[in-house]
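User: I am new to this structure and would like a close look at its salt bridges. Could you walk me through them and the parts around them?

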Amino acid sequence: MKNRIRVLRADRRWSQAELAARVGVSRNSINSIENGHFDPSLPLAFAIADAFGCMIEEVFERDAPKPSSP
């Protein structure tokens with residue numbers, strides 16, 4: 001899943017640790033999500049979007065569906 005966390009954090013001048021504290025997870029969790037190594041749970045994705053004052057679709061973009069084989 002793609003995300004805009006890094007850009008949104010930079011706009012607000014927040015560190016990963018500050019965002020992590022705002023949403024109640026570790027800085028390592030934010031780093032993993034931001035770098036695309038981990039997809040957040042739905043409640044965490046909503047918490048991140050809420051922290052930025054955005055809709056979830058403004059923060060996260062799902063990967064394109066894989067074509068099905070005939």
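Analyst: Let's start with a pair that sits inside: E34 is buried, and R9 is buried too, where buried means under 20% relative accessible area, exposed means over 50%, and partly exposed is in between (1.4 Å probe, protein chains only). Please keep in mind that this is a predicted model, in which local features need pLDDT of at least 70 and side-chain atom pairs count only at pLDDT 80 or more, while totals for chains, interfaces and linings use all residues. Residues are numbered from 1 along each chain as its sequence is written, and side-chain values use heavy atoms, leaving out hydrogens and water.

E34 and R9 form a salt bridge, with their closest N and O atoms 2.7 Å apart; the term stands for a side-chain nitrogen of Lys or Arg within 4 Å of a carboxyl oxygen of Asp or Glu. Because E34 belongs to helix α3 and R9 to helix α1, this pair ties together parts that are 25 residues apart in sequence. Helices (H or I, at least four residues) and strands (E, at least two) are DSSP runs, numbered from the N terminus.

E34 has another partner. R6 also forms a salt bridge with E34, and here the closest N and O atoms are 3.2 Å apart. This pair links distant parts of the chain, with R6 in helix α1 (residues 5-12) and E34 in helix α3 (residues 27-34), 28 residues apart. Together, R6, R9 and E34 make up a network of salt bridges.

What surrounds E34 in its own helix? In α3, the buried residues are I30, I33 and E34. Looking down the axis of α3, these buried residues fall within an arc of 95°, so they line one face of the helix; the arc is taken from the directions from the helix axis to the C-beta atoms. They pack against β1 (2-3), α1, α2, α4 (42-52) and β2 (60-61), with contact meaning heavy atoms within 4.5 Å. After α3 comes G36, which has a positive phi, near 75°.

A search of the whole structure finds three salt bridges, and one of them joins R22 and E18, with the closest N and O atoms 3.1 Å apart. Both residues lie in helix α2 (residues 16-23), four residues apart, about one turn of the helix. R22 is partly exposed at 48%, and E18 is partly exposed at 32% relative accessibility.
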